[in-house]
Each structure stands twice: as C-alpha cells, then as structure tokens.
Amino acid sequence: MPTIALTSNLAWNPLDRLQAFQLTEEMQIRRCSPFLESLFLSSDGVVASREWKTVPDIWRSSAEKFGDLVALVDPYHDPPSTMTYKQLEQDILDFSEGLRVIGVKPAEKLAFFADNSCRWLVADQGIMATGAINVVRGSRSSVEELLQIYNHSESVALVVDNPEFFNRIAETLCSQAAVRFVILVWGDKSCCTCEVLEGLPVYNYKDIIALGHESRMCLLDSHDARQHYIYEAISSDDVATIMYTSGTTGNPKGVMLTHKNLLHQINNLWDIVPAEPGDRFLSMLPTWHAYERASEYFIFTYGIEQVYTTVKYLKVHVLFILLVKEDLRRYQPNYLVSVPLVLETLYNGIQKQISRSSTVRKLVALFFIKISLTYMDIKRIYEGKCLTKCQKQCSFLVAAFDWLWARTISLILWPLHMLAKKLVYNKIQSAIGISKAGISGGGSLPSHVDRFFEAIDVKVQNGYGLTESSPVAVCRIPSCNVLGSVGHPIRHTEIRVVDFETGDVLPPGSKGIVEIKGPQVMKGYYKNESATKNALNEGGWLNTGDIGWIAPSHSLGRSRRCSGMVVLEGRAKDTIVLSTGENVEPSELEEAAMRSSLIQQIVVIGQDQRRIGAIIVPNKDEILATGKMSIIGADTSELSKENMTALLREELRK
C-alpha cells in the first residue's frame, strides 16, 4: 500500500491528506476488523457480521453494552487516566487510523517495546485493527535482546514506552536496524535526545490519535473519500501478534498467535472467572506475558473495571510488593490475576505480621489456622476432592464409612473455623482484597501457600498453559477447585500424557509428558521451522515439555470429583539423573525448601553426581531476626559463612 512521508506536521487539512494519497494511487487496500469497522466493509459490498472474527472486534460489542462504565483506571502514569468503554473504543479506532495515515501496511510488523498501561492496550489493539502484527516485549529487557527480536521479526518501526527508554536503546537499534518511524506511548518527543533522530519521524501518542481522528471523521463524512479504498476483512487465521519466549535455553523464539488463538481464550475463560459488569481487576503482570494479555482481552468483554498497578519496581522485590499491597488495600479488587510469586509474598507477609503480634494474638491466630487447615483437609475427603493416581476404586461400604467419618469430624471443627473467620480471617481479607478469587498461573504454586489461602477462605484457582497455547489450557474452576491439581482442560481443549521415550499415549494415573491440542495452540515459531516441528506434531499436539498425569475416573470415594484433573510434577528437562541411576525431580525439593523464611532462593543441582546439592541465596534479614547471633562474624558486619551454612543445613533437614 503506497504511502506518503509524514512527520509531526499536524497542520495538514484532512482533505489535503486524502488528495495526496489519491495522487499516489487511486485505489488502496484497507484491511479492517470485520465487526469493529463493519461500516466500511458494508459500504464496499462485503457482508458484515456481528460475530467476532478478530480480537479488535470485541471493542464495538463492549462499547454497545457497557458504554459509560469505567473500563480503565491508570493512576501511575502522567497524566493519570480513566477511560470508559466508549472512550476506549474511539481511541482504538483513532490510533488505528493514525497508523494508516503514517503509512503502516497490513501484515507489517511493529516492534512494541513498552510496559502495561491504558495506552499500551490502545496501541496494541490499534495495531491489530490495521491488520499489522505487533512484536511485544517489556522495557526492562536488555538492548541486545531487543535488537535481536527487532531484526529477527523483520519489524519496520518502533513503538516504545517513553523518551527515557528510547534514549537508552536508540543508538544501538537505529544504527543496526532499519527503523521507519518511532511512536512514544508516553512522554514528549522533545525529550528524545539521541543524535540518530535526524531524519527519523517521531510521533507521540497524541499525534497518532489526532491524525487518526481527523482522517476518520473525513472518511465518515465523505462518501467520495471512502471510494478510494478497496476494503478487505482481516481473517481469523491471520497472525495478530508475535510473542518472544524468554530465551533462557538459547535465542528467544517468536510465538505466532493468530486472532483465532486469542479469541478462543476470550470466549472460554468465563468458566474460570465468572466475572460480572462492575467487577474490579488489579493488573500487575507485564503485557508481554501471554497470561496477562489474554486475561485483559477476556475481562473487557464483561464490563470489568481494570486498575493498573505499576511494574516499575518488579525487579526491586520489596518496593514492588509494598506497592501491590497498597493497591490491594486501596482498590479492593474482586479478582487478581497473578503469578505464584505474588501469592507467596502475600503469604509471607501475613505470616510475618502474625509472628510480630503479641504472644496471645500469635498463639490464637496459629491455633485457628491449624484448626482451619485440618478442617479443609477433612472437608476435601467428604467432598471427593482428594487426588490419587490409583485406578482401583474402593467399595461402596468403605466409601460410605469414609464419608460419614469425614463429615462428622468436619461438623465438629466447623464452629471453630467460623469463629476463626470472624476473629482473624476477615481482617486479613479486608487487607488484601481479592473478594472473589486470585487466579494463579505462569509457574508452580507451592502447596503450603495453596492450602493456607484455602484455610483462610481466600479462593485461589491454579491454572496452566504456555505462551504457545495463548496461554491457558487448563485451570481449576470455582465449583471444583481441587488443590494439588491445575484443574480440567478448558472448553475445546484436549490434554493427553505420553511416554517419555516412545511417545505412546499413557492411561490415567501414569506419569509422562503433557501434550495439548486445541484452537488456542500457536501457528508456529516465526522463521523457525525446526523448532516448530519439535513442538508441534502432525496431529496438532503441542509438546509442553512438562511432566504430569491425569487423575483416573472414580464414581465413589475421596477422588470421585477429580476425574480428568491434570497434575503437574515439573519439567522433563529439569529431571536430575544421578550416577546411581536415580531420577530426582528438583521442583519438589525446591518447593519444600522455599517454605523456610530463611531461604530466599534455591536451585537443586547434581546431574551425573552421586548425590544432590543445592545453591542457596539466604534471606539475611530473616537469619538475623532469628536471634542466633553466633552466626555473625567478628566485625558484626558480615555473616559467618560457615555458621550460616550450618544453620541452613539444619533448616533443610526440617
């Protein structure tokens, strides 16, 4: 699609701009989201449909249903922003049209390096609505990684977070990559100080919105102006975005996700999160994380208010957690979409608060928590939510006796649990919000954290997926929230477990490699056929590389509601094989060790050795707080390594 060169000159009259386009070529191809811009498609003889065919189609539906409801609250950017659903739709349409004005063509790739914010969402959806493809990454990635992603993806231009970030990467990217233009999501382009900017058009967010609004109004007001385009609908099978994996095992791989992949998530996540108009979500994960991205698209189809916290301090652990805790208290979200780290930190904060209480309060709280943990364990028995690998089912009499015993004990403990809820747990809940559920994904949720939140009546649902599956494939639902599992496959999704070596499908209860099949599975890795063939077999099954098993079907007993549940036990490539031939799953040991407040991080090692070992990052503040001053060195400024090692060894034995 031929274009003309535009810089930041916004003084052009829209009619002059259209005439300039007409001089370049009489008829230009314009790709549109079928429902979002159905007006243009209908005028060109294309049959418009109300059915969502692309991700941007959702915004017209949401604007019609929830127009004046608040969609976004972004308090941490300058200026702080609040947007209704109508405003959000209009900004997406304007941004999309603005991109067309500056020459963005369908199927071109735009490198989108920015952090989560309300403008991120507008820019993301504006790019998709043109038929272009965004290549996303966060602003804390290294310059080398961003350059590799930019060049590998064949991006033609940059959309970046702010001038400060652009100044950091500009010299490297602009000297080693072809950049047609730059768009700043936040900030003023006058703050861009890099010398390489000479001759490079730079726009800010408001420039693109203004250009797009003028052009859109002209097209809507003038039938003749619309006649200079050939309108085509974006296809569901078109690539919407390329999301690069972290690259921890080599160069990052570009996961190609289509509109169809993402629409599967939008259409099927309500079973997991039965959200209602007016519910509030707190957004904290980076939007280059597939989990956050799919969740955001989904919630906006149900009239949700999303509040953005900031990921500015994500790597400064203490500051990030303090900020998240404050936002939880202030905004009291109904739902929290998070990774296990956030829930673990909330758990540790609650435990620390209890330990610092007076002796009486501490003993009362610990007593009640122990009672509630026992109550929930017993309750799981009579509700049939206990996982087992065993395919053999108990007799009716044994099951009946087991149910009666568990029901009796739970009735005895129930009054104490309710008293604990009134005296202790309600205060905790008011401090952390999350009145409906916390949805955990993107990593393994430690069992002690899972059990604790269940005991204090804060619902936590654990799920599983990969970037390659858009990402959610499996998740626990509110009506069957079985601890220890990652739940049932979501709609239209198949899960199977295959043998490590032969690839044969294994029966329920057998441990092997988990594979996924469904509409959400990626199109493939961009320009990497060999990696695509390794990940996707001919039948469309995605090899996750994760070890797991599927719970057998039982009609009676403790496991009667667990049929088909997926249980994960680590990564296949993480399995440590000792020289004795013994296989060790390090994740189980690491999870157990992380229950100690003295251990900040741990990695279990020992491949091809006689025995396993561990590399540990100790929590020095907690070690000092234990009061064991003998571990402090002579100058009292450093901890004695030998004594600290002995203390940690003793802690591991526990």
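**View 1. Glu-276 and Lys-436 form a salt bridge, with 3.8 Å between their closest N and O atoms.** A salt bridge here is a side-chain nitrogen of Lys or Arg within 4 Å of a carboxyl oxygen of Asp or Glu. Glu-276 sits in the loop between H10 and E12, and Lys-436 in the loop between helix H15 (396-432) and strand E15 (437-440), so this pair ties together parts that are 160 residues apart in sequence. Helices (H or I, at least four residues) and strands (E, at least two) are DSSP runs, numbered from the N terminus. Glu-276 is partly exposed at 46% relative accessible area, and Lys-436 is partly exposed too, at 30%. For these labels, buried means under 20% relative accessible area, exposed over 50%, and partly exposed in between (1.4 Å probe, protein chains only).

A word on what you are looking at: this is a predicted model, in which local features need pLDDT of at least 70 and side-chain atom pairs count only at pLDDT 80 or more, while totals for chains, interfaces and linings use all residues. Residues are numbered from 1 along each chain as its sequence is written, and side-chain values use heavy atoms, leaving out hydrogens and water.

**View 2. Asp-271 meets Arg-491 in a salt bridge of 2.8 Å, N to O.** Asp-271 belongs to the loop between helix H10 (259-268) and strand E12 (280-283), and Arg-491 to the loop between strand E18 (488-489) and strand E19 (494-498), so the two tie together parts that are 220 residues apart in sequence. Asp-271 is partly exposed, with a relative accessible area of 31%; Arg-491 is partly exposed at 48%.

**View 3. Glu-569 and Lys-511 join their side chains in a salt bridge (3.3 Å, N to O).** Glu-569 is buried at 14% relative accessible area, whereas Lys-511 is partly exposed at 34%.

**View 4. Four strands make an open, antiparallel sheet in the order E19-E20-E22-E23.** Two strands count as paired if DSSP finds at least two bridges between them. E19 and E23 stand at the edges with a single partner strand each, so one side of each has no neighbour in the sheet. Look also for E20 and strand E22 (residues 542-550), which run antiparallel and are joined by four bridges. Glu-515 stands opposite Asn-543 in E22.

**View 5. Arg-30, Glu-37, Glu-97 and Arg-100 are linked in a network of salt bridges.** The structure holds 37 salt bridges.
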